[in-house]
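Hi everyone, thanks for making time.

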Amino acid sequence: KENLLTAGNILYLDGWVPAPEEEKLKTLLAKYDCAYELTDPLPEEYPEVPVKPKNSKIVQPINAVLDMYVPPVYDGIDPNPIMAPFFVTFFGLMLADMGCAIVMLILAWFMFKKMHAKGTMKNFAGLLVLCGISTFIFGALTGSFFGDFIPQLTKLIDPSSNVQLPALFTPLNDTLAILIG
């Protein structure tokens with residue numbers, strides 16, 4: 001009892017550490033006069049184990065979407081690499097507007113450069129970049145810049161004008177082409 005309680009207090013901490021950072025924790029704890037035990041989680045603890053997905057820089061922003069729902073379980077698979085191309089493609093296809101894409105890219109630039117986004121906000125800004133690029137591409141394919149802003153603006157200036165942006169297909173007229181695609 002005399003050797004255990006030197007200051008009259010006992011501090012007990014319980015937590016999780018990612019496996020790649022285990023050595024860093026051991027080095028940190030070695031500096032202090034303390035006892036510790038590191039164990040792998042038991043199967044019944046898997047639902048409680050926090051998950052830190054490790055993805056490439058391209059897939060990392062999709063974590064912002066996954067964080068809004070339920071993260072994968074400890075022994076499960078990370079759906080981000082599978083979900084990323086489909087999410088970005090379908091987002092761009094649904095919005096499909098060059099003007100909105102430019103606004104998204106400006107907002108992402110602002111978040112990166114002026115707000116110095118970190119963590120989830122950095123993932124969200126990266127998601128804006130990926131979705132903005134996809135939206136711009138599909139906006140260019142459909143000839144949409146803030147809807148039909150440019151044709152309407154030219155009609156206000158010159159009512160006899162018939163300016164149209166070039167488009168591979170238009171969603172209102174070529175619905176079947178979009179469904180086939």
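Let's start with Ile 82: at 53% relative accessibility, Ile 82 counts as exposed. By that I mean over 50% relative accessible area, with buried being under 20% and partly exposed in between, using a 1.4 Å probe and protein chains only. Before I go on, this is a predicted model, where local features need pLDDT of at least 70, side-chain atom pairs count only at pLDDT 80 or more, and totals for chains, interfaces and linings use all residues. Residues are numbered from 1 along each chain as its sequence is written, and side-chain values use heavy atoms, with hydrogens and water left out.

Ile 82 is found in helix H3. Helices here are DSSP runs of H or I with at least four residues, numbered from the N terminus. H3 covers residues 80-95, and its 16 residues should span 22 Å at 1.5 Å a residue; the end C-alpha atoms are 21 Å apart, which agrees. That expected span is 1.5 Å times one less than the number of residues.

So which residues of H3 are buried? They are Asn 80, Ala 84, Val 88 and Gly 92. Seen down the axis of H3, the buried residues fall within an arc of 90 degrees, so they line one face of the helix. The arc is taken from the directions from the helix axis to the C-beta atoms.

What covers the buried residues of H3 includes helix H2 (63-68) and helix H5 (120-142). Turned away from that buried side is a face with the exposed residues Ile 82, Phe 86 and Met 94.

Those three turn up again in a nonpolar surface patch, together with Ile 77, Phe 90 and Leu 93, and the patch has about 690 Å² of accessible area. For a patch like this, nonpolar side chains (Val, Leu, Ile, Met, Phe, Trp, Tyr) are joined within 5 Å, using residues with over 30% relative accessible area and no salt bridge.

Now the backbone. Most residues other than glycine have a negative phi. Just after H3, though, Ala 96 takes a positive phi of about 40 degrees. His 116, in the loop between helix H4 (98-113) and H5, has a positive phi near 50 degrees.

Conventions
Helices (H or I, at least four residues) and strands (E, at least two) are DSSP runs, numbered from the N terminus. Contact means heavy atoms within 4.5 Å. Patches are made of residues with over 30% relative accessible area and no salt bridge: like charges are joined within 9 Å, nonpolar side chains (Val, Leu, Ile, Met, Phe, Trp, Tyr) within 5 Å. Accessible areas come from the Shrake-Rupley method with a 1.4 Å probe; for residues, only the protein chains shown count as cover. A salt bridge is a side-chain nitrogen of Lys or Arg within 4 Å of a carboxyl oxygen of Asp or Glu.
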